[in-house]
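Please open the model in your viewer and keep the selection tool at hand. The stops below are meant to be visited in order.

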Amino acid sequence: MDLSVIRKSQLIPFRGVPLPNYFLKNMEKVGEFEADKTDVLIATYPKAGTTWMQEIVDCVLHGGDVRQCEQSPIHYRSPFLEASYPGIRTGLELLAEIPSPKPIKTHLPFQLIPTSFLQKQCKIIYCARNAKDNVVSSFHFDRMSKLKPDPGPWEEFLQKFLTGNVMYGLWHDHVKGWWEQRGNFPILYMFYEDMKEVKTGVGGHNVSDPLTHTHCRSTLPGQAGSGLDIPHAPSSTISGRTYSHCIRKLWNTPSLPNWPVLLLTKSKSASLFHCPVSQQDPRREIKRVAEFLGKELGSKELDTIVAHTSFNAMKLNPMTNHSNVPLDVLDQRISSFMRKGIVGDWKTHFTVAQNQMFEEDYCRRMVGSTLRFRTELSPGDNCLQ
Ligand code: A3P
């Protein structure tokens, strides 16, 4: 690595998407990248939990043998497809060195990913994070990254985020673009908030619908194995229907997995639904990843992956915490790469006025989409480990 050539990048539109100027001359080659059909693409908007998902996928691909994932830093085990910075080996160069199956990281919007991933029906995991926490995390990362454009003060960065004048453009377009393709290709669409949530015993699940501000809450004793994604179902469409019926209608996807059929009843409060939900926790979400990748993991292996990929473990692990990246590239004295890892940190950054402006813009941009995010978890649900 030649540190003397490290400079902050400028954003230049590539087919309408702002990318670092350094990436541009490499993008043609990226488009021609020949994925192996066993490769797993991990796609995210930056700072949505990419590293977390990369580590989980790598552990799953190694059948839960986490020692195999301790051999080298995550950016070597799961290269960043389109990365091309001066003085640093490109993502394509790193990819050429490791055998398949391999987890490949990208932040590209759906329309820019190499067609080989789609032609070969490669498995793709998209991990999304609510916009408010996503912009906060991006702000702190850009403060310490010597490769990304200067974020300026928080207020200014928030404006840039809302106008899409940031790397990879508008968050809203990115998350929606991938969401709309999930029925057309083997795409597992995951949510950072679902991975953060921990439930024990009888639990509640608060859901805020950003468009209607409807508050839904699902409760009932955890019934192992009946895992459902209730937070993404708008309350108005599920009343009195079987869950699978509603989900199928809602997602309009013929190839949904075998969701258990459950009768939902509506309480007097008009927004209270009762249905069996399994424990919502990283274990369940990691299991979903493993099942999607066709890997059968035993209970012990799953537990090992849960522990290995917890925030605290990854913060301490030099193979995931980027401590081996020189300070000239990522100055972690300014902000830690493994910063807070929680849902709802936006509340310590947004003013009331900023929140209102953000939500108005959000509703406008997300109108018509069935995509739902949670910007907070119920007290006790935020896994701080
Ligand atoms: P914060 O800045 O909010 O702490 P990415 O990998 O896409 O760059 O995302 C980084 C964000 O994911 C950071 O968020 C980081 O702390 C969080 N993160 C990384 N590993 C995590 C884990 N194991 N559990 C929870 N959050 C994690």
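This is a predicted model: local features need pLDDT of at least 70, side-chain atom pairs count only at pLDDT 80 or more; totals for chains, interfaces and linings use all residues.

Residues are numbered from 1 along each chain as its sequence is written.

Select the ligand. It is surrounded by 20 residues, of which the closest are Thr50, Thr51, Ser137, Arg339 and Gly341 (a residue counts if its C-beta atom, placed from the backbone, lies within 6 Å). At least two residues of this shell come from each of helix H3 (50-61), H7 and helix H15 (311-316); helices are DSSP runs of H or I with at least four residues, strands runs of E with at least two, numbered from the N terminus.

Next, select H7 (residues 131-144) together with helix H8 (residues 154-163), whose axes come within 10 Å and cross at roughly 120°. Axes are lines fitted to C-alpha atoms, for helices over the stretch in contact, and angles run from 0 to 180 degrees between N-to-C directions. Val135, Ser138 and Phe139 of H7 meet Trp154, Phe157, Leu158 and Phe161 of H8, contact being C-beta atoms, placed from the backbone, within 7 Å.

Finally, select helix H13 (residues 282-292). Its buried residues are Pro282, Arg284, Glu285, Ile286, Lys287, Val289 and Ala290 (buried: 20 or more other C-beta atoms within 10 Å of the residue's own, these atoms being placed from the backbone). Their cover includes H3, strand S5 (123-128), strand S6 (187-191), helix H10 (192-196) and helix H14 (299-308). After H13 comes Gly294, with a positive phi near 70°.

Key:
Two residues are in contact if their C-beta atoms, placed from the backbone, lie within 7 Å. A residue is buried if 20 or more other C-beta atoms lie within 10 Å of its own, exposed if 12 or fewer, and partly exposed in between; C-beta atoms are placed from the backbone.
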